[in-house]
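Dear colleague,

Please read them with the model open beside you.

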Amino acid sequence: MDLQLLFDLVGSATLGTILVTGVLATGVACFLSFQVRQEKLLAAFAPVCFLPSVIALLATLNSVMTGISIQLQTNQSDLQISTTTRLLMHATPLFVGLAASMPALVLTCGSRFVLIYRDIHAKSDESPIIESSDDSNLITPTEQISRDADEYLEKLIRPR
């Protein structure tokens, strides 16, 4: 599809609005992902990423209503538009809106996944690590488990 056909199908004002909104949403998503790094803010921003798609949906609804009103006001023999052309006219703004929404949405959801993954693995890696050194009073985990098991068995075997 050439650029002139895209401008004709979507409209230059609508296309500009969709693209500017998509670039702004992607910029804010980059800022939240790389500077702020808070999962709650990214979760709150995720619905805003669909703003270019909403603008495209409104443009599509407007063009559908305009097309219906034109068809109702004119004689049927005067206006013969193929269904493929109608579908192309009405679906192109939606595709452009979804394409403008995807970078911000992928960045936001990917950053949320990375933050959640990092938090989960940071909590599991916080187990106490015993360093091997020359101190004889340090007990390894296997020695501690065997001592606890021996103490428990002594309590069970002891006569009452």
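**Nonpolar patch, pocket and salt bridge**

Helix α4 gives the most to the nonpolar patch, with five residues. Before going further, please note that this is a predicted model, in which local features need pLDDT of at least 70 and side-chain atom pairs count only at pLDDT 80 or more, while totals for chains, interfaces and linings use all residues. Residues are numbered from 1 along each chain as its sequence is written, and side-chain values use heavy atoms, with hydrogens and water left out.

As for the overall fold, the protein has six helices and zero strands (DSSP runs numbered from the N terminus, H or I of at least four residues for helices and E of at least two for strands). Buried residues make up 21% of its 160 residues, where buried means under 20% relative accessible area, exposed over 50%, and partly exposed in between, with a 1.4 Å probe and protein chains only.

The patch on the surface is formed by V48, F50, L51, V54, L57, L58, L61, F95, L98, M102 and V106, which together have about 980 Å² of accessible area (Shrake-Rupley method, 1.4 Å probe, only the protein chains shown counting as cover for residues). Patches are made of residues with over 30% relative accessible area and no salt bridge, like charges being joined within 9 Å and nonpolar side chains (Val, Leu, Ile, Met, Phe, Trp, Tyr) within 5 Å. Both α4 (51–73) and α5 (83–124) supply at least two residues each; L61, for one, lies in α4 and counts as partly exposed at 45% relative accessibility.

The largest pocket has a volume of about 180 Å³, and of the twelve residues that line it, G67, Q71, I81, M89 and H90 are the closest to its centre. A pocket here is an open set of points on a 1 Å grid over the protein atoms alone, where a 1.4 Å probe fits, with protein on both sides within 12 Å along at least five of seven lines, and lining residues have an atom within 4 Å of a point; the volume is the space filled by probe spheres set on the points, which are joined across faces, edges and corners. The largest share of this lining, seven residues, comes from α4.

The structure holds one salt bridge (a side-chain nitrogen of Lys or Arg within 4 Å of a carboxyl oxygen of Asp or Glu), formed by E39 and R112 with their closest N and O atoms 3.0 Å apart. Because E39 lies in helix α3 (residues 39–45) and R112 in helix α5, the pair ties together parts that are 73 residues apart in sequence. E39 is partly exposed at 26% relative accessibility, and R112 is partly exposed with a relative accessible area of 25%.

Finally, R37, in the loop between α2 (12–36) and α3, has a positive phi of about 55 degrees although it is not a glycine.

With best wishes
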